[in-house]
Amino acid sequence: MSNRRRLWQIFGPVICAVLLLIAVLLFPWDRTYSANSIFEAATSQSDRIFKGQRMKQEALAGKYVPFFGSSELSRMDSLHPSVLAYKYNRNYTPFLLGGAGSQSLAHFYGMQGIKSQLTNKKAVVIISPQWFTKKGQDKNAFSLYYSNLQAINFLLDAKDSIATRYAARRLLQMPSGKSSETVKYALMTVASGQPLSESQKLVLQTRRRMLVNEDTFFSTFQLPDRVNKIKAQAKLLPDKYTINGLTKVADAEGSLHTTNNKFAIDNTFFKTRLNEKKLKKLKGSQKHFDYTKSVEYSDFELMLKQFAHEHTDVLFIIPPINAKWAKYTHLSNKVYQKSVKKIKYQLASQGFSNITHLSKDGGKKYFMQDTIHLGWNGWIAVDKAVKPFMQKSYSNTNYRIDNYFFTRNWQNRTKVESIKTVKLSNKTVVPSTGSKKK
């Protein structure tokens, strides 16, 4: 037997296997998901679903509507948006995007694979003022929701602009953005205002094909199953939808689950997260909290820029903080309302007029489930805005994006002008106005 033949017998199968694997990864595979799989993914809040695109693309092409948010989406009681939509067989189903630690920057990059599905469609965004800390997005939390597929989609579609350069620079400030040398140098190119070279594009396109195939086949493995929980919670609701009927359920559930503390916080949360020792340390701990100065305002502008580009009709919801908890920690309501005013100004001055702010409702009965997250009656207030918003047909957008909101001047600005608004039902209608760059 010749040496050549022996070598082939040893290495031939390995070479064939490698070539076959490359062919499998590079071939443009497609897959159709079952209705049950999509529903499971929509309620899972899985980071794998968030990082990918194929499942989201299929879902959002149909009756699913993206609900962007963070950890409040995990508080799945009987009045949660997913439960209400399921119980009352609505013409939409929330696709929950985000979880603990997901903020504007994570959402912006997560949107890169579903831009077509956002075009001329609707979306809901729950904005947490707690995102707007001085440093903004936590780097470790960002890594949970980031994938190179998101970055590559961004890079291959990138057109030079202030927003594009800002987005590239922000990703480079995250360890995740430098995890791939190919992506890192492409981001550096875009951040400098230069176009990608043809060789860079070729490498990124090849890498994207491989990542898309991985996402297509593996993103839905072992998803958290919340379907049974949604069905169980739905049984607690009255068969006929009425606000009075839902309020009775909310009051009963709130009363049942907030018996072991003086803050009207869910029993389990209080028992596991706020023992007596922690409570002593937390008293007065938020006295100097200030959410008016933050890089997050410019990260948030990235989301707004993307919505404007895709002409997405968006409903924004600003939740409150548990009033009893704020009093205990000495969080200044006056300062908190300044941050809310700044968020509203950023939205309204650019034509985002669907704003439901609940920031002053944190003292209402069973409105909050814990210290900062919406609970039973809070979800009813959300539904009072979501339900009519979804019932109306898509409304043509008239956004006026202002690059001023990407500046440090805006990030650190503490005073903004009041914008006169006219309240119609749950929609805040804002007259046309330009931002004042002071």
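The structure holds 27 aromatic pairs, counted where ring centres of Phe, Tyr or Trp (its six-membered ring) lie within 6.5 Å. This is a predicted model, in which local features need pLDDT of at least 70 and side-chain atom pairs count only at pLDDT 80 or more, while totals for chains, interfaces and linings use all residues. Residues are numbered from 1 along each chain as its sequence is written, and side-chain values use heavy atoms, with hydrogens and water left out.

**Aromatic pairs**

- A pair of aromatic rings is described by the distance of the centres and the angle of the planes.
- Planes under 30 degrees apart count as stacked, those over 60 as edge-to-face, and the rest as tilted.
- The rings of Phe 68 and Phe 307 are edge-to-face, because their planes stand at 70°, with the centres 5.8 Å apart.
- This pair links distant parts of the chain, 239 residues apart: Phe 68 belongs to strand β1 (residues 64–68) and Phe 307 to helix α17 (residues 296–310).
- Helices (H or I, at least four residues) and strands (E, at least two) are DSSP runs, numbered from the N terminus.
- Phe 68 counts as buried because its relative accessibility is 2%; Phe 307 is also buried, at 0%.
- Buried means under 20% relative accessible area, exposed means over 50%, and partly exposed lies in between (1.4 Å probe, protein chains only).
- Phe 316 and Phe 352 form another edge-to-face pair, with 5.6 Å from centre to centre and 85° between the planes.
- Phe 316 lies in strand β4 (residues 313–318), whereas Phe 352 lies in the loop between α19 and β5 (355–357), so that distant parts of the chain, 36 residues apart, are linked.
- Both Phe 316 and Phe 352 are buried.
- One aromatic cluster includes Phe 68, Phe 307, Phe 316 and Phe 352, and among its other members are Tyr 297, Tyr 345 and Trp 410.

**Salt bridges**

- Side chains of opposite charge can pair when their charged atoms come close.
- The count comes to ten salt bridges, each being a side-chain nitrogen of Lys or Arg within 4 Å of a carboxyl oxygen of Asp or Glu.
- Arg 170 forms a salt bridge with Asp 299, with the closest N and O atoms 2.8 Å apart.
- Because Arg 170 lies in helix α10 (residues 162–172) and Asp 299 in helix α17, the pair ties together parts that are 129 residues apart in sequence.
- Both Arg 170 and Asp 299 are buried.
- Glu 58 and Arg 54 meet in a salt bridge at 3.5 Å, N to O, and both lie in helix α4 (residues 54–60), four residues or about one turn apart.
- Arg 54 counts as buried, because its relative accessibility is 16%.
- Lys 201 and Glu 198 form a salt bridge in which the closest N and O atoms are 3.7 Å apart.
- Lys 201 and Glu 198 are three residues apart in helix α12 (residues 198–218), so about one helical turn separates them.
- Lys 201 is partly exposed at 31% relative accessibility, whereas Glu 198 is exposed at 60%.

**Surface residues**

- Lys 334, Lys 338, Lys 341 and Lys 415 gather in a patch of positive charge on the surface.
- Patches are made of residues with over 30% relative accessible area and no salt bridge; like charges are joined within 9 Å, and nonpolar side chains (Val, Leu, Ile, Met, Phe, Trp, Tyr) within 5 Å.
- Lys 341 lies in helix α19 (residues 333–348) and is partly exposed, with a relative accessible area of 35%.
- Asn 36, in helix α2 (residues 35–44), counts as exposed at 63% relative accessibility.
- Asn 36 and Val 227 are 191 residues apart in sequence and 9.1 Å apart in space, C-alpha to C-alpha.

Key: Areas by Shrake-Rupley, 256 points an atom, 1.4 Å probe, with all protein chains shown as cover. Lys, Arg positive; Asp, Glu negative; His and termini not counted. Charge placed at Lys NZ, Arg CZ, Asp CG, Glu CD.
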